[in-house]
Amino acid sequence: MSAVAIDPWAGLPEGLPIELPKGLGLPAGFSKGLPEATQERLSGLRRLLAEKYPAAERKPGGILPTGFAPVDAVEGGLRRAALTELSGGSGAGALFIHAMLRAVSREKCLAALVDAGRSFEPEGCAPSALTRLLVVLCEDPAQAVKAVDLLLRDGNLSLVLLDLQAAPLREIRRIHASVWHRLQRLVEQTSSALVALTPQPMVEGARVRIALHAQWTLAAQRRWRQDIFSEMSARVFPRHGAALGSEPDGAPDGAGWQNREESVSA
Amino acid sequence: MFAAVLLPNFRLQAALRFREELREKPVAISDEDEAKTGLLEVSEAAERMGVRPGISSPQALARCPQLTLLARSRPQEQSAQAALLEIATAFSPAIEATADGYCTVSLQASRDQDWPALAGRMVEALAALRLSAQVGIGPNADLAFLAARNARPMLVVQSPGAFLANLAIHELDPPPELLAVLRDWGIHHLGQLTSLPRGELMDRLGPEAARLWERAAGQTERPLRLVRPAEEFVEAYEFEHEVDTVEPVLFLLRRFLDQLALRLENVGRVAGRMTLTLALANGGAHERGFTVPSPTASVDVLFRILHTHLEGLRLEHCATGLQLRIEPALAERQQFQLFESPLRDPNRFGETLGRLAALVGAEQVGAVEALDTHQPGILRLQPPRFHEITRAAPLADDLAVGLPLRRYRPAVSAQVHLVQHRLISIVSEKARGTIREALGPFRASGGWWESDRWATEEWDIALENGGLYRLARAGNEWRVEGSYNLPAAAGREACQNLIPLPLADSKSPPG
């Protein structure tokens, strides 16, 4: 039986020294060692793919530092271009929001807080942080999700916080799983970090899950807020196989959760 | 040299600027005094069908049943005149608004001596604004005007004598009596007139004839009455029928913006603010102003701002007219700083804010406004000014104390049981149980110098179940203002639930 030589690159334009972003077509470095003509045709193929499927181009998202040691110790901060779910008590969530405002001020970026329970209280926030915050007060979680959708499509803000912790649980549960997947798809196209604060873990498609746990007494009311925050414990679960904003759902190597517990006890 | 820019059939052109479908059809313009004046202007197609200016509408319709009769629109004429003057200003600062649809430009200081090319650029610039112009260039203003009247579409008078010699006398619009006498004498062209001795002509026919002779000889010099066109960028349209859908309005707005963007570009400006006015069938008007976050002349950006507003607009009456006014501004030059992250696209952000306001209400979206009061519970939002953040304020130490509050809006009324001024228990929709510990009262008051004085006493309380709340009393009324932390069960349950919860597309995390 004689082998038939098939030229897989026949018909492709030649001489297109285009480098496609990672994630498109063949893995980077694949073309090393190939004949020059083949490499050029490979570049042409990559260019065709990029033109035909521009959405497939994924940019590395980067990291937004939080200043919260348990979270920053795992990946350096919040993943950009990814949906992070933060669940836990409502007090811990409020504390996290205030801490993120400080982070936004420190990183000199802009943020939005979509408040589904209309519970945000700016008391104690630094004025410099508030000038960088867009607040959207919503009637219910469904409206809040629509507002997040608009903000992600806008793409101007580095951080979008969706606070569902003060909303009734039954209303949060009405948010269909497809909505979360849609938000994840949207945020992938941006360099924003999206954080959904929920009373219980319920966000499908989240790239990272953070569970906060803290129990306070009234003695906390006499302590610096910064100290209270830094002593809060957290468990971080980055999705296994999801490199920072670069891999889609259902990664071939099997997506799952990687448990990394970072806790600082008081 | 002088240039005369003439828009023939000016009223008709102004009325047809946004009705291209009628440009090749028989159209006539009339106004409210039509009974006295007859039709004002008619299109070429109408003229070919025998319709002439000055005849009445019934006569015109008898000659041309397909004739479209349009009412004169003064707002559109003003827009066209403004556009004409703006274009003229782009060629020279010394311009005269000689008449409607006619302006004279002094080119004495012009460096460009290629007059035909200059006239061509004027014609092209006006054509881009949907105005058909005739441009004449001559050594004085009157000669330039005569050249413009005979231009197709431009004419440069290099040799005044030769140009004037063959012009008919009526081109100078002499008094009818004088014209009749000259015709009786057999004088029909300007060349024939200037061959007569000026002095004797004046002796026989008076000073009017002498002035006519000077004009015929191309010897008149008059100073221009210079004007500076107002920077008013307005386009308007009056619908023939009442409009009850948004599509025709959007269609026209797009064309308005095309024109206004060109006009802005001509004067080196961009749009800083837009005002949209819809005249309504009940005689009222809907007016809305839009500040352009990052002033621009981009038609797409400006159109999106208007579109966002109109798609959520509901009016009780149909629209009968439309006006768009743009306030010009200087283009911003923004350079992104290395370590700053200002808005990448302020206009897009402005549009998003508009959509958010339509979704949740204008007062529910914005940046937190710093208020000059200590009254608790007041949260007022104002339009954010992110695009103005150029340098961050120095980051002060975080001096906040205690847990942040999650405020109940509105506050929840409560019944509190006291024993010897000690808080013992609470019953409310949000918090219920025995009060284990309380901090307070923290008293605050203000506004005593005004009618809306306020005073409150606040406690931070811890219940037996672990919940932390803020309690307030105003008079004899107790309210739960918010929570610092809900009972422990909720938070612990959240962490415990996290581990076994499977995801649809992933494995369970290891315990």
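## Report on a predicted two-chain model

A:C125 touches A:H98, A:L101 and A:L130, residues up to four places away in sequence not being counted; touching means that the C-beta atoms, placed from the backbone, lie within 7 Å. The model is predicted, so local features need pLDDT of at least 70 and side-chain atom pairs count only at pLDDT 80 or more, while totals for chains, interfaces and linings use all residues. Residues are numbered from 1 along each chain as its sequence is written, and chains are lettered from A and ligands numbered from 1 in the order in which they are written.

A:C125 is found in the loop between strand 4 (111-115) and helix 4 (127-130) of chain A. Helices (H or I, at least four residues) and strands (E, at least two) are DSSP runs, numbered from the N terminus. A:C125 is buried, because 21 other C-beta atoms lie within 10 Å; the cut-off for buried is 20 or more, for exposed 12 or fewer, with partly exposed in between.

Chain B contains 16 helices and 21 strands. Of its 511 residues, 36% are buried. Among the contacts in chain B with a separation of 6 or more, 57% are between residues 24 or more positions apart.

Six strands of chain B form an open sheet in the order 8-7-1-6-5-9, with mixed pairing; strands pair if DSSP finds at least two bridges between them. Strand 8 (154-156) and strand 9 (226-227) of chain B each have a single partner strand, so one side of each lacks a neighbour in the sheet. Strand 1 (residues 2-6) and strand 6 (residues 102-106) of chain B run antiparallel and are joined by five bridges; B:L6 has B:Y102 as its bridge partner in strand 6 of chain B.

| Helix of chain B | Strands of chain B touched | Angle |
|---|---|---|
| Helix 7 (residues 141-150) | strand 1, strand 6, strand 7 (134-138), strand 8 | about 145° with strand 7 |

Between the chains, helix 5 (residues 141-154) of chain A packs with helix 15 (residues 346-360) of chain B at about 170°, the axes being 10 Å apart. The two helices are therefore roughly antiparallel, a term for angles over 145 degrees. The residues of this contact comprise seven nonpolar, two polar and four charged. Ala, Val, Leu, Ile, Met, Phe, Trp, Tyr, Cys and Pro count as nonpolar, Asp, Glu, Lys and Arg as charged, and the others, Gly among them, as polar.

Note on methods
Two residues are in contact if their C-beta atoms, placed from the backbone, lie within 7 Å. Axes are lines fitted to C-alpha atoms, for helices over the stretch in contact, and angles run from 0 to 180 degrees between N-to-C directions. Angles under 35 degrees count as roughly parallel, over 145 as roughly antiparallel, 65 to 115 as roughly perpendicular and the rest as oblique.
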